[in-house]
Amino acid sequence: MILRPKNNLFWVVVFALLAAAFFLKFYIPVLIENIYLSGKVGILNKILSSSETRPLGFYQGRLEEVFWGPFSVICFYSAFLLFSLRFLIDAKPKTFIISVFLFLLVAKFEILFYPPFGDTIGGPFTEASWLFRNNFDYLGLTRQESFIKGGPKIYIFSVYPAYLAILMKLFNGASVAWLIHHLIAFLCGAVAVTYFREILTKITDKKNALLTAVMLLSLPLFQSQVEAVNMEISMVAFSILAFYKLARKEFIWACVFSIIAAAIKGVAIITCGVVFVAGILSFLLGKEERFSLRPFIAAILSGLFVIGQWYGAFYVLNEKGQADMVGFMEGWYVIKSLKEFYI
């Protein structure tokens with residue numbers, strides 16, 4: 001009845017969910033502030049089982065974490081899920097990208113001017129700030145101390161800090177730079193979800209592919225990376241594009257996108273490795289691609305990039321093996337303890 005309504009029930013439900021989401025997102029913090037300023041802190045302490053009075057920010061942040069934050073997210077994504085099932089099952093990739101992008105814009109518009117925070121400050125933003133202040137002196141950057149010793153040489157083989165520095169250079173007002181970045185991050189998130197859905201349509205029906213793509217979009221980890229000033233969401237977008245092109249046997253484009261993904265963040269050499277293996281197997285065993293130059297060239301270029309990134313990470317940045325968890329098979333003892341690895 002909701003998905004194929006004969007009346008206005010569909011739109012009533014969607015707008016009710018959106019109204020509830022906006023109410024939770026913007027009114028509850030104001031309500032908490034009014035309660036706090038009126039001296040009724042006991043109510044807040046009782047809700048949070050706190051035995052002592054804390055600053056206002058604690059109550060707003062903690063209640064967002066355990067109450068109105070999750071509920072507002074559920075409302076937003078439920079509305080988008082209903083809309084998607086009603087209008088987007090047969091949507092072309094371009095339409096789906098625009099839809100997801102606009103949804104992220106509506107659901108997360110308050111973060112558009114958020115500056116870097118968290119581990120970004122000690123990571124790509126540190127290197128980007130150095131490049132910005134020193135006019136992109138990459139040669140000078142190579143002479144700086146590495147991150148192991150507290151220096152700005154952190155991701156010297158990544159294009160991401162340079163991208164941030166370019167934004168800061170082009171838009172000298174920091175707020176505009178972060179606005180542009182967040183819009184690009186939203187677009188990368190939309191591209192990742194869209195082409196994940198396109199890959200899934202090759203192994204299941206369109207409805208299942210849509211539901212799984214929306215599930216990816218709604219994962220807390222995915223949401224947090226879409227909001228952050230960090231490498232992950234752009235790396236994921238280009239990795240999924242590489243896998244999509246690989247599924248279509250467009251090996252050269254798969255190679256290009258895998259290299260871009262690894263150039264953003266080194267862990268995407270896994271994507272390059274997949275292109276390498278798929279290219280070699282197709283070159284040797286493929287029915288249509290056997291002894292074709294395209295998969296062979298794609299495999300060789302991807303493989304060379306893996307070697308280059310591996311050498312840079314292990315022998316250039318990781319001076320004298322001082323970086324924790326950087327090295328061959330480092331961290332395996334953690335990985336093998338995760339059930340996700342075996343799944």
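Phe10, Trp11, Phe15, Phe83 and Phe87 are joined into a cluster by ring pairs (rings of Phe, Tyr and Trp, the latter by its six-membered ring, pair if their centres lie within 6.5 Å; planes under 30 degrees apart count as stacked, over 60 as edge-to-face and the rest as tilted). The model is predicted, with local features needing pLDDT of at least 70 and side-chain atom pairs counting only at pLDDT 80 or more, while totals for chains, interfaces and linings use all residues. Residues are numbered from 1 along each chain as its sequence is written, and side-chain values use heavy atoms, with hydrogens and water left out.

Arg86 lies over the face of Phe10, 5.9 Å from the ring centre (a charge sits over a ring if NZ of Lys or CZ of Arg is within 6 Å of the ring centre and within 35 degrees of the ring normal). The charged end of Arg197 is likewise placed over the ring of Phe96, at 4.5 Å from its centre.

In total, the structure holds 22 aromatic pairs. One of these is the stacked pair of Trp253 and Phe257, at 5.5 Å centre to centre and 25° between the planes. Both residues lie in helix α12, four residues apart, about one turn of the helix (helices are DSSP runs of H or I, at least four residues, and strands runs of E, at least two, numbered from the N terminus). Trp253 is partly exposed at 47% relative accessible area, whereas Phe257 is buried at 13% (buried means under 20%, exposed over 50%, partly exposed in between, with a 1.4 Å probe and protein chains only).
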